[in-house]
Amino acid sequence: MEAAEVKKLIKDLQTATTTGKPEDGVTILKQLKQNVVATEDLLRETKAGLAIGKLRSHPRKEIADLAKELVKKWKEAVEAGKKAKAAAKPTPPPAATSQPAKSQPSPIDPPSRKQSISTPAMSTPTSSRPTSAPNQPQSNGVRTVKSDAVKIESKGDKTRDKCMELLYDAMASDSGAPIEQILKRVYAIEYQVYKEFDGVTKEYSTKMRRLFNNLKDKKNPGLREAVVSGDITAEKFIRMTPEEMASEERKQQNSALNEANVHAALGAGEPEAETDAFQCGRCKNFKTRYRQAQTRSADEPMTTFVTCTVCGNKWKFS
């Protein structure tokens, strides 16, 4: 599938998953899974990996599961492509200096002959080293500073250095981004927090701990993807509230909880009136109770709170 087609499908997918058409989103995800042969260049050009990665925390389970399967499949395809390129790269011939020693062995001095034979053999692993780029992840599992063999640039302070290591572990854990890209985000975030609190203070440590805990949350891959890609800048990230950092699933839960609290608060007010004017969207019955309250400014219409007496479903409208 061409890049232009992939871009169009990704755009349609984003529209479907944000405008209440999950069935269309499922169809598009299945189409991408079946027809797209992932390469590093294709994913970089279309930004499909980032878009699909954000859907791994979608409140609808079918969409989240398909997104996880797709990310895993594409990641494996990209890694396989890199290995194939590395294997196809020709191995440089042995050094020219070793040829005379091999063609004219000394029958009198066996140690010298042994040394001339072993020298080309030792050059084999050396010639294969360039196939593993230093800026690419070295582990196929959970990535960490240790597994990626990353050398964090020391700031001369153990607390700062340790905080940067923790940030890297959290951001790299399930990411396919290059090492240098992740390090760039790590340094930027740590510097912004350091500058915010004018040094390594108690507030600095508390802030870094909170950022780390949010980034490492396995149920919030969308936040990691956005921070690593730069969609969320370091300056913005350190000022985000816990509510803003929450996954889509958590935001849905918080919204439902807030609405339930509003209904509970109204329970102590005037009694609800029974009516058959409203149909429940869940069980389709018309047996409901309702009340009205002025939840906004006086010139705005009143908000009507409805409760289904059959299944307990609650909703509101203005």
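The axes of helices α8 and α10 come within 9 Å and cross at roughly 15 degrees. That makes α8 roughly parallel to α10 (angles under 35 degrees count as roughly parallel, over 145 as roughly antiparallel, 65 to 115 as roughly perpendicular and the rest as oblique). The crossing of this pair, α8 and α10, is left-handed (the near helix is turned anticlockwise from the far one by less than a right angle; clockwise gives right-handed). Axes are lines fitted to C-alpha atoms, for helices over the stretch in contact, with angles from 0 to 180 degrees between N-to-C directions. On the α8 side, the contact (heavy atoms within 4.5 Å) includes Cys 163, Leu 166 and Ala 170. Tyr 204, Met 208 and Phe 212 are among the α10 residues involved.

The model is predicted: local features need pLDDT of at least 70, side-chain atom pairs count only at pLDDT 80 or more, and totals for chains, interfaces and linings use all residues. Residues are numbered from 1 along each chain as its sequence is written, and side-chain values use heavy atoms, with hydrogens and water left out. Helices (H or I, at least four residues) and strands (E, at least two) are DSSP runs, numbered from the N terminus.

Helix α8 (residues 158–172) also packs against helix α9 (residues 179–196), at an angle of about 135 degrees and with axes 9 Å apart. This angle makes α8 oblique to α9. The α8–α9 crossing is right-handed. Met 164 and Tyr 168 of α8 take part in the contact, as do Ile 182, Val 186 and Tyr 194 of α9, among others.

Helix α11 (residues 221–229) is largely enclosed by the rest of the structure, because eight of its nine residues are buried (under 20% relative accessible area, with exposed over 50% and partly exposed in between; 1.4 Å probe, protein chains only). The buried set includes Arg 224 and Glu 225. Partners of the buried α11 residues include α8, α9 and α10. Just after α11, Gly 230 takes a positive phi of about 95 degrees.

Helix α2 (residues 22–35) has 14 residues. Its buried residues are Pro 22, Gly 25, Val 26, Ile 28, Leu 29 and Leu 32. Seen down the axis of α2, they fall within an arc of 165 degrees, so they line one face of the helix (the arc is that of the directions from the helix axis to the C-beta atoms). Their cover includes α1, α4 and α5.

Val 306 lies in strand β3 (residues 303–308). Val 306 is buried, with a relative accessible area of 0%.

Technical notes. The expected span of a helix is 1.5 Å times one less than its number of residues.
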